[in-house]
Every structure is written in structure tokens, then in C-alpha cells.
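Thanks for coming. I have one structure to show today, so let me put it on the screen.

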Amino acid sequence: HCYERLSAMEYKAREYWEARLRRNFSLSATGHSGFSLGYNRYMYKLKAKKLTQALMRYNINVKGARVLDIGCGTGFFVEYYLNKGARAIAGLDITDVSVELLSKKFPGQSFHRLDISKEQYLGVDKFDIINAFDVLYHIVDDGDFRSAIKNMAVCARPGAWLFITDSLRPELGAARHVRYRGLDNYKDILAQEDIDIV
């Protein structure tokens, strides 16, 4: 436990991700940095495939939807949702580099530097879909984790869908910038926000 506390204190999320993305603005930076770009492209294709399966399984129509992409990184899921016909996408990221580069790449969409674990997105629109792929397990502090989910819930319109990825295996989290949590952690917090797990 002493190691975990020390690691959490040493990890400064914004500085960590800003440096990582400025060095290499690619799926290797937002994905698994220990593997090749080809491997990471393949892993992102698998993520997109699973997301497509979930959309089909629950008959979720992206066409015309408002999407909030939390941790938009290099814009992989921004492009995914635009290709599926989303009406508008707001991307939130903890880094300036993502906001700068994605604003140029997707000029019709809105991007904001924001730490969802510390701040609420104050845009006027509520969202039909909230996407947080590979984000919440990078919030290593439990209080910040709870705040992130509360801040996400504020952005959701009634009937919205939240897509969250996590291993749900706490024993796997060894890196200072990773803290996997079990399903029970999610169940309690999501229930408090009237969010059902499907």
C-alpha cells in the first residue's frame, strides 16, 4: 500500500500525457507504448470492432447523435463516430497537444483541455453517447475516479449510453499511471448516478 500511495503522488497525469503525446502523436502513445505502431493499430481495430458489436447489440443509432469523447487522444474514436454519422462530437483531453492537433484535423468539432476527474464539462448540450475508452484506469486516485464518473454523468442526457473500458482485474495494475478496479468499484458509483450496467 505504501508503494501505491507513493506512485499515485508521483504520477502527474497532465504532465505525463502531455510529454508522451508530444514525443509521439500516434496510437502508440495512446495505446501500449511498449509495442509497435502496427500492434497498436491492430488493437484499436479490435476496440472499434467490439464497440460496433455493442452498438448493434443494443440497437444504438450513432447517426445524428451527440457524442462526448473523453480522453480523445489522437482522435481515433472521433473519426470512428464521425464515420458512423454522429451529428456533433466534443472531445475532452488532459493535454494541450491533443486539443491543438484535433481542432485542426476536425475543424467542425469542438475540443477542450479538461481533466474529467477534476472539472465538469460545462457545454450547453447533453450527450447521447459518452465514450471513455482506456481513460478511467489512468485515474489512480479513488476520489478523482469517483469525481470523473460523477462529471461524466452530468453530461449525459436521459437514456444516454456510456462506453467505458477497464480490465476489471485490480491485480493487473502495476504501472504508476494505471490503477485497474474491479466491477464492484464501478457498480457502487454508477448506481449512485442512476447509471445501469448492461
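I will go through a pocket, then a glutamate, then a helix. Keep in mind that this is a predicted model.

Two or more lining residues come from each of helix H2 (13–23), strand E1 (66–70), helix H5 (76–83) and strand E2 (88–93). The most come from H2, which gives four. Sorted by class, the lining of this pocket has 18 nonpolar, nine polar and eight charged residues.

Staying with helix H2, we find glutamate 18 there. Is glutamate 18 buried or exposed? Its relative accessible area is 13%, and the cut-off for buried is under 20%, so glutamate 18 counts as buried. Its side chain reaches the backbone nitrogen of valine 97 at 3.1 Å. Beyond its neighbours within four places in sequence, glutamate 18 is in contact with Thr95, Asp96 and Val97.

Now to helix H7, which covers residues 142–154. From first C-alpha to last, its 13 residues reach 19 Å, close to the 18 Å expected. At its start, a side-chain oxygen of aspartate 141 comes to within 3.0 Å of the backbone nitrogen of glycine 143.

Which residues in H7 are buried? They are Asp144, Phe145, Ala148, Ile149, Asn151, Met152 and Ala153. The cover over these buried residues includes E1, along with strand E4 (127–132), strand E5 (156–164) and helix H8 (183–192).

Notes:
Residues numbered from 1 in each chain as written. Predicted model: local features only at pLDDT ≥ 70, side-chain atom pairs only at ≥ 80, totals over all residues. Heavy atoms only, no water. Nonpolar A, V, L, I, M, F, W, Y, C, P; charged D, E, K, R; others polar. Expected span 1.5 Å × (residues − 1). Buried < 20%, exposed > 50% of the residue type's maximum accessible area, 1.4 Å probe, protein only. Contact = heavy atoms within 4.5 Å. Polar contact = N/O pair within 3.5 Å; in protein donor to acceptor, adjacent residues only side chain to side chain.
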